[in-house]
Amino acid sequence: MNIELFLLVAAGLFSVGMFGALSQQSIVMLMMGLELMANGVLLAGGAFWRLVSPGSPDGQVLLLVVLVVMAVEMAMGFAVTSAIFRARDVDLTDTATDLKG
Amino acid sequence: MGLTDGLRRFATARPHLLVVEGTASVRPRLAVERFAREQGWPLVDGPADADILVVAGRLEGPLPEYVDRLWEQLPGPRARVHLRGDDGSTRALLGARRILADIGYQRADIRRTTRRDADMGGMDMGGMDMGGMDMSGMTMEPADTPDPHAGRDMSGMTMEPADTPDPHAGHDMSGMTMEPADTPDPHAGHDMSGMDMPAGLAMAERAPDRDGLKLDVLTVPWGPVLTWWPAGLVVTTVLQGDVVQEARVEQLVDVDANRAEWREALADLEPAVAAAVVRLDALVRLLAVAGWDGARLQSQQVRDALLSSTGDVAVQLHRLSRKVLRSRTLRQMTTGVRTTREEDVAARYRRWLDEAVVAVDSGNLPATADEPHAVHLLPALLIGSDVAAARLIVATLELALSGADVRPVASV
Amino acid sequence: MLTFGLLPVSDQVSVVGALLLPVLLAGLAVVAAVASTGFAAVAAGRRVTTIELVGPLREGLRLLLVRRRTTLHPDALLWRIGGATVFVSAVLALAVVPIGDRAVVPSAVGIVWFNAVEALLWAALWLTGWGANSATGLVGGYRFLALSLAYELPFMLVLITAGIRGASLDPVVVAQSQTGLWSVVLMPVAFVVYLVSAVAFSFWGPFSQPAAGDAAGGVLAELSGVDRLVVVLGRYGWLAASAAMSVPLFLGGGSGPVLPDLAWQLFKTLVVLLALVAARWRWPLVRAERFAEIAWLVLLPAVLLQALVVAVIVL
Amino acid sequence: MESVIGGVLGAVAVLAGATVFVVNSMARATYSLLVSFLAVAAMLVLLGSTYVGFLTVVMMTVEMAIMGVFMLMYMMNPAGLMPMSMRHNTRGALVLSVGTFLVLSVGVFAVPWPGRQGKPARDVTYDLGTALMGRHMLTMIVIGTALLATMVSGVMLTSARGRYDRYGDELDRRPPTDPVRGGVGR
């Protein structure tokens, strides 16, 4: 098992996710992009833990943190989408830009 | 060949029945339900799991078209039986079972369906699954093999083999293309009124809802060909998820004819026993919709025993009553599902059972009658409830909706 | 060298066992179906005869004979995947159940595996309902998700509580830790919630709302022929797999007097399986929207308390 | 052998991830994302992190099943088969992501990764558990608090009804009015 293989796959997942996060209009689709990016991070973390420092459990702790981040991101994303959708009837990022500032 | 034939007969020994009601359906329906319970032939909820389509009563108005469309959704091997009156149902059902195992007949059936589908040129066949079909039956023979059962005359009813010329064959394209927007057939796939889309699908419309989200709505008709459902009733619902937002109610059968049929069915019974029978029959449906097969079958047993005046009916009825009234789960699940007259579903089945017990024990007729104009009350009751609650509510109005609210025979 | 949790796979997974697993599961599923047929006959007032009890065999043949059907514009790929997953996930669940003193796929985290393949049912059933492109199917799919949201959390906590007893997530270790006192005595609440959840994720009996008759069959509404056979078999298979898993988790594994361990294990599995099947005839349907409140306000606190009690006693 | 399996799973993960933004059905998009997650979970198991791998399966399957419902709710296409183009700024996104991929993969091969240090514990799950309950207790506390906060704020943001809607202006209505009655029987 060489680490390059896993990192390359992780880079692929991260980039595909980034394409989604940047190009999608719908908030829900955008979140799928973010999830995919986190997926890449998860894989890279797993590879680093096993193939660089398998002796300590810290790598696995990091994986748990990534999983929790994904869950929180998803839950809050849906909550915000629901709130915006109810208040404004939009689910597209372009139409919700005035949220900034 | 002998072995395959044997296997085939074994596999179809207890065919699944899908019962559809038309006008004056009471006696044939009661006969079929009794036969099915005693012989262990399952009654199923939809065409996908059905082998025999049983039509009880007369089909009038738009009903034949619904039934034909339903028939097309039976996967096959399949057979179709039409029952009128209360005699001969056993022979008809056994005859239908023979047809199921008759490979020649079933091949001809496939050929017919396939040819008709092919006739409708220019249609999307991509989604058609031909995998399970018997291709050997698809050779280009000029005519259908003569059906050995087609000419057999059975008194009191007619077998309807599928190769009687189908008046709708030319234009009925259900299962293949978009349904007309007001087809009240819950089995026909999504029926979406509104904007037409190229694939024969429609973009859903949106409407306000109780969560303030204004989500998509979908028009879904329930009935008239639905199990455990009042004969000929069509409730066209606008659903959001599974919450009813709008409801329109029609009755496609003549309820007065059904009422007369009920009288006929109950003619030999004491008035009080007759009152108990109709309540137990309604209870059967309520329990079926509430998803309690054990109590439903028990209730069917008591009803059938009352109808034929066999066995120690009073004891059976008391046992049933205790079982149902003691069930905390059933009470918990039906309390607060509003029906009319300040009764919820839990109060309604309790009253039915109490009235039935009193009627059988003491011969006293129930003092109260269920609401006579249920059809008009229905839409308001359904709006805001989910599909499960809506089905329960419809089931509690069974007596009025199916014409079982006959006044005691003595007063006629 | 291929590893599975740090040990070489070849040392762990028994190939013969893996091949026999679907057969074993199907066998247990048929036992469940036979039991159900018997209960059905009793409920309908018929005598329970051999002809009644070969019902599942007849039913299986019938479904092989019945043609597959399709609907208007189905998403056939997702539909078939969903149906197949119901059965496949049940086989995978049985893979980590210790048979004797080792599972077909021994894993130090077998309990989490069991939970993971159970979670696959969320996707499987929703896809089965969705793929057919029928309103009733989709309603069934939604109902299963609503039901899952209610039972899943108590169920996870139950699995963890069972693990606390053996201080391990390995069912083999958990089973061995119950010498003297079966876990069911120590954690009755957890055992009951386990059974409730098992009935729920097998969408069986009181929790069969996703496939209920009031929605014309729900997720099963449009399935016929072999497609239906796979899902129905998977459903009985899940009842069987959860009954089998309850033995190492709560009922002391194969321990028992006189008879060999395997016989005891089989016996306990069948008793639990029978109880799960009987639930269908004993209780009416419990609707998801009402069960949600029960699950979150009653079951969840009860299980948390149970976990606390077990932790204090054991640790 | 392991590299071959890892490579296949990796290809599945990336391709399924890309499919998310190609297919025009929301159900298919959601579930191809799930396939991507499951492939990564299998790779984690391959790497020896079985606990986290299985946990990923549980979490992501459940999450995607719920996500599918949200997709349908907010994207107004119940049939899910109608073509949808929901992109903006596709070209810029493509340039950026391809660029990122190139930079990352150059990095992957250019950086001399350190060799493996230490041996994995006999039971890595036990190791993880003791770490979380010992040295990394702080992480555990943060995770727990974050999840609780998410649950509370998620419900608050999502629900259209507050306690005044349920209990009345004086907060004294018993039982509260809810659109759907619960099963506890209050």
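Trainee: Why is D:Met156 called exposed?
Mentor: D:Met156 has a relative accessible area of 62%, and because exposed means over 50% (buried is under 20%, partly exposed in between, with a 1.4 Å probe and protein chains only), D:Met156 counts as exposed. This is a predicted model, in which local features need pLDDT of at least 70 and side-chain atom pairs count only at pLDDT 80 or more, while totals for chains, interfaces and linings use all residues. Residues are numbered from 1 along each chain, chains are lettered from A, and side-chain values use heavy atoms, without hydrogens and water.

Trainee: Which helix holds D:Met156, and which helix gives the most to the nonpolar patch?
Mentor: D:Met156 lies in helix 6 of chain D, and helix 6 of chain D gives the most, with four residues. The patch, about 770 Å², includes D:Met156, D:Met151, C:Trp296 and C:Leu297; patch residues have over 30% relative accessible area and no salt bridge, with nonpolar side chains joined within 5 Å and like charges within 9 Å. A salt bridge here is a side-chain nitrogen of Lys or Arg within 4 Å of a carboxyl oxygen of Asp or Glu.

Trainee: What makes strand 3 of chain B mostly covered?
Mentor: Five of the five residues in strand 3 of chain B (79-83) are buried; B:Ala79, B:Val81 and B:Leu83 point one way, and B:Arg80 and B:His82 the other way.

Trainee: How do you know that strand 2 and strand 3 of chain B pair?
Mentor: Pairing needs at least two DSSP bridges, and five bridges join these parallel strands.

Definitions and conventions
Helix = DSSP H or I, 4+ residues; strand = E, 2+ residues; numbered from the N terminus. Areas by Shrake-Rupley, 256 points an atom, 1.4 Å probe, with all protein chains shown as cover.
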